[in-house]
Amino acid sequence: MRILSLLLFFFSLNLAAQQELSKEEVAQFQEKMMAKANELETLQANFIQTKSMEMIANETVSRGKIYYQNPGKLKWKYTEPQDYIILFIEGKLHINDAGDKSVRNTASSKLFGKIANLIIGSVNGKLLQDNENFDISYFKENDNVIAVIIPKDEHLSQMFSEIQMQFNAENLVGKVSLIEESSDATVIDFSEIQWNKDIPSSVFQP
């Protein structure tokens, strides 16, 4: 609990030290970010995911690789501490848990559909266009822009009370922080981002 309280304290302290963007700066950032997002065909990157839970003293760290192909193919491949794959493709969620496979239809579940859109929108940056489902504020820290996103949707807000997306100087998402209703927090740091490089079709095979 102390670790989580410190993590949330530093989240709030960090935002307090940042400068909120003016309306003009927000408009300029959104224009540049969406121009970048519209150019996006493929993206692949390594990630480190750190999960802090209120009831557990130690953080849980996972590593893996993410693959995205426009318009809606997304694969999260966890390699540490165990093999685990999440694949969003053609309205379906494919899960491969060390060889144990299952499929869920996001089209038949509004909640799964919203979660899929949330994850894909976090990767390609287009989540920032969804003013219907989210309240969004923007802050600047050095060369980075941080979008603080508050879900309006009742079901999503029960899962995530706040989402933070950090964009680097190239307007690419470098970090995503998910703070849950329970105050548990997940931070995903991306590295070695490859932009519009060919991805073999086999990567997105269930």
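The second largest cavity holds about 60 Å³ of space. Its lining is Leu43, Ala45, Ile66, Val123, Val173, Phe190 and Ile193. S2 and S12 each give two or more residues to that lining. By class, the lining has 7 nonpolar, no polar and no charged residues.

The model is predicted, so totals for linings use all residues, while local features need pLDDT of at least 70 and side-chain atom pairs pLDDT 80 or more. Residues are numbered from 1 along each chain, and side-chain values use heavy atoms, without hydrogens or water.

On a 1 Å grid over the protein atoms alone, a cavity is a set of points where a 1.4 Å probe fits but cannot get out; a pocket is an open set with protein on both sides within 12 Å along at least five of seven lines; lining residues have an atom within 4 Å of a point. A volume is the space filled by probe spheres set on the points, which are joined across faces, edges and corners.

| Space | Volume |
|---|---|
| Largest pocket | about 850 Å³ |
| Second largest pocket | about 270 Å³ |
| Largest cavity | about 70 Å³ |

In the largest pocket, 31 residues form the lining; Gln49, Tyr78, Ile86, Ile119 and Leu178 are closest to the centre. H3 supplies the largest share, 7 residues. Helices (H or I, at least four residues) and strands (E, at least two) are DSSP runs, numbered from the N terminus.

The largest cavity is lined by 13 residues, with Val123, Asn124, Asn171, Leu172 and Trp195 nearest its centre. H2 gives the most, 3 residues.

Conventions:
Nonpolar A, V, L, I, M, F, W, Y, C, P; charged D, E, K, R; others polar.
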